[in-house]
Amino acid sequence: MVATEGCDVIGFLGGVLAWFGDPANWLGPSGILNRLREHLQITVAATSVSALLAIAPAVWLAHRRIGGTFVVALVNIGRAIPSFAIVVLFLPISIRLGLGIGFWPTFLALLFLAVPPMFTNSYTGVAEVDPDLVETSRGMGMTGMEVLTKVEMPMASPVILAAVRVAAVQVIATATLGAIVGWGGLGRFIVDGFAIQDNVTVFAGAVLVAGLAIITEVILGGVERRVVPATLRSRSEQVETVPA
Amino acid sequence: MRNIRRRTIAGAAIAAFALIAAACGSGGDGGTIDGPTITIGSANFSENALVAELYAQALESEGYQVERKLNVGNREIYAPALESGELDLVPEYIGSALTYLGGTSSPDSDETYAALKAAWEAKGINVLDYAPAQDKNGFVVTRATAESLGVAKVSDLAAYNGTLVLGGPPECPERAFCLKGLEGVYGLTFQEFRPLDAGGPITVAALEGDEIQVGLMFTSAGTILAKDFVLLDDDKGLQPAENLAPAVRSEITEAYGDKFSETLKKVSDKLTTAELISLNKLVEIDGQDPETVAADWLKAIGVTG
């Protein structure tokens, strides 16, 4: 279905609504439900693996006062490379390693995307805990591990959780690139729609991605509010925005 | 005093600007032909970009002003661009182009060409003489698959209806010479269609990794031989004649006349399927620069000096 020329916005939106209303677009391996499942799977996987890779080492390094700006700068090199380039670059590597096309280049690119902000924020979150507070805690007889777990991490939690939330939303948006290297996910509607010049499908895909991103933002924001003590909540304002 | 200084600066700026404009504005070497710049486009796969490069260099060697916009996209993107004037010339495949315009193509080259020429003339596009070289959609399996399933022709796949995965470019399910034709003409059904690329590295990797069992590749691709894939025989004649022909906007052919068409004909006449396959191999397998490959070939066939 080719989009008509001219600026018939109402007609176009009607077409989009009709697209969503058609059950054929929801079911089957290339339907909305399956693509949504794929997209969520990679988002959860990439976000949690990134969190595992990033948060613990960052928190530990900051606690021990090792590294400083050098470490943060090193990790942020990953951020300078556009995700599109990483996905495409990882494709031949993934093939050579026998990991196939599609999932692995996308997943690796998403790690590159999510690890730097989580690492940076975890590091600065712990490193910027009031040194007097740390001093006092040690003075009270806390061991290093106790200082880390009972003082530094709770103090840093707003910043860390905010970073996870922001990274998750970025992952959702960027996972659309996987469609370029043979993966599925919601990006398929955008890429396949574009290939046949079907702007309705492209737009619907974009709506789905944006919708998922917003819902994730709201849910994780709610989790943050529950987990972070009220007195610390203003710290989450310090999260640096992840560049697009 | 201030006025004189201001005028000097203004004058110097204008002179500098004029110098730059003159230096950048003028065309190439001597013998530059006056007329509209020819914007040459191509589809987003290496063979088409290579043929576009052949035409571009052949025209440039005669003194025409050429601008390249290669790898624009698939036909759904470059054909409207050609019709709207954003592109002036694209290398087309007569069978698929005719189908795109709503006509009926056949395995007969002359018939298909005549019908295409007539259909596109109405939209101001002049399809010039076609080359012997053809590049059709081909369905391939790996050697291992061919042996384990015992398939050599496309119709052999019917025995495995519903069990095999087909991979191809995202537009394949909409295309008469792709999935639509496999279903309609051959009565095939696949377990799944995976949208990949147009017979490129993603499709090759998917075949080798057994993520798809049947893949769409172009019959003139060097990869089929290099990877020892088996090209299934199109026994029911689904694929039409797909000779390469330059599709040019009429304003360009009218502005430049016969000499223009003859320049392109010199290239087309020498472009056989065998030549095309070897050129593709140099670019796709040996990794050579398409510009160099094009230049070398044009020199070898005597089109350029």
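Select chain A and consider burial: of its 244 residues, 42% are buried. The model is predicted, and every value in this tour is computed from it.

**Chain A as a whole**

With chain A still selected, switch to a cartoon view. Along the principal axes, the C-alpha atoms occupy a box of roughly 70 × 45 × 30 Å. Among the contacts in chain A with a separation of 6 or more, 74% join residues 24 or more positions apart.

**A pair of helices in chain A**

Next, select residues 83-96 and residues 103-127 of chain A, which are helix 4 and helix 5. Two packed helices are described by the angle between their axes and the distance between the axes. Here the angle is about 135 degrees and the axes are 8 Å apart. How are helix 4 and helix 5 of chain A oriented to each other? They are oblique, because an angle counts as roughly antiparallel when over 145 degrees and as roughly perpendicular from 65 to 115 degrees. The crossing of helix 4 and helix 5 of chain A is right-handed.

Now show the side chains where the two helices meet. Helix 4 of chain A brings A:Ser83, A:Ile86, A:Val87, A:Phe90, A:Leu91 and A:Ser94 to the contact. From helix 5 of chain A come A:Trp104, A:Pro105, A:Thr106, A:Leu108, A:Ala109, A:Phe112 and A:Leu113. Sorted by class, this contact holds 10 nonpolar, three polar and no charged residues.

Most residues other than glycine have a negative phi. A:Arg65 lies in the loop between helix 2 (32-63) and helix 3 (69-80) of chain A. Is A:Arg65 buried or exposed? A:Arg65 is exposed, since 11 other C-beta atoms lie within 10 Å.

Move to chain B and select B:Asp228, where phi is also positive, near 55 degrees. B:Asp228 sits in the loop between helix 9 (222-226) and strand 9 (229-231) of chain B. With 10 other C-beta atoms within 10 Å, B:Asp228 is exposed.

**Where the chains meet**

Note on methods
Residues are numbered from 1 along each chain as its sequence is written. Chains are lettered from A and ligands numbered from 1 in the order in which they are written. This is a predicted model: local features need pLDDT of at least 70, side-chain atom pairs count only at pLDDT 80 or more; totals for chains, interfaces and linings use all residues. Helices (H or I, at least four residues) and strands (E, at least two) are DSSP runs, numbered from the N terminus. A residue is buried if 20 or more other C-beta atoms lie within 10 Å of its own, exposed if 12 or fewer, and partly exposed in between; C-beta atoms are placed from the backbone. Axes are lines fitted to C-alpha atoms, for helices over the stretch in contact, and angles run from 0 to 180 degrees between N-to-C directions. Angles under 35 degrees count as roughly parallel, over 145 as roughly antiparallel, 65 to 115 as roughly perpendicular and the rest as oblique. A crossing is left-handed if the near helix is turned anticlockwise from the far one by less than a right angle, and right-handed if clockwise. Two residues are in contact if their C-beta atoms, placed from the backbone, lie within 7 Å. Ala, Val, Leu, Ile, Met, Phe, Trp, Tyr, Cys and Pro count as nonpolar, Asp, Glu, Lys and Arg as charged, and the others, Gly among them, as polar.
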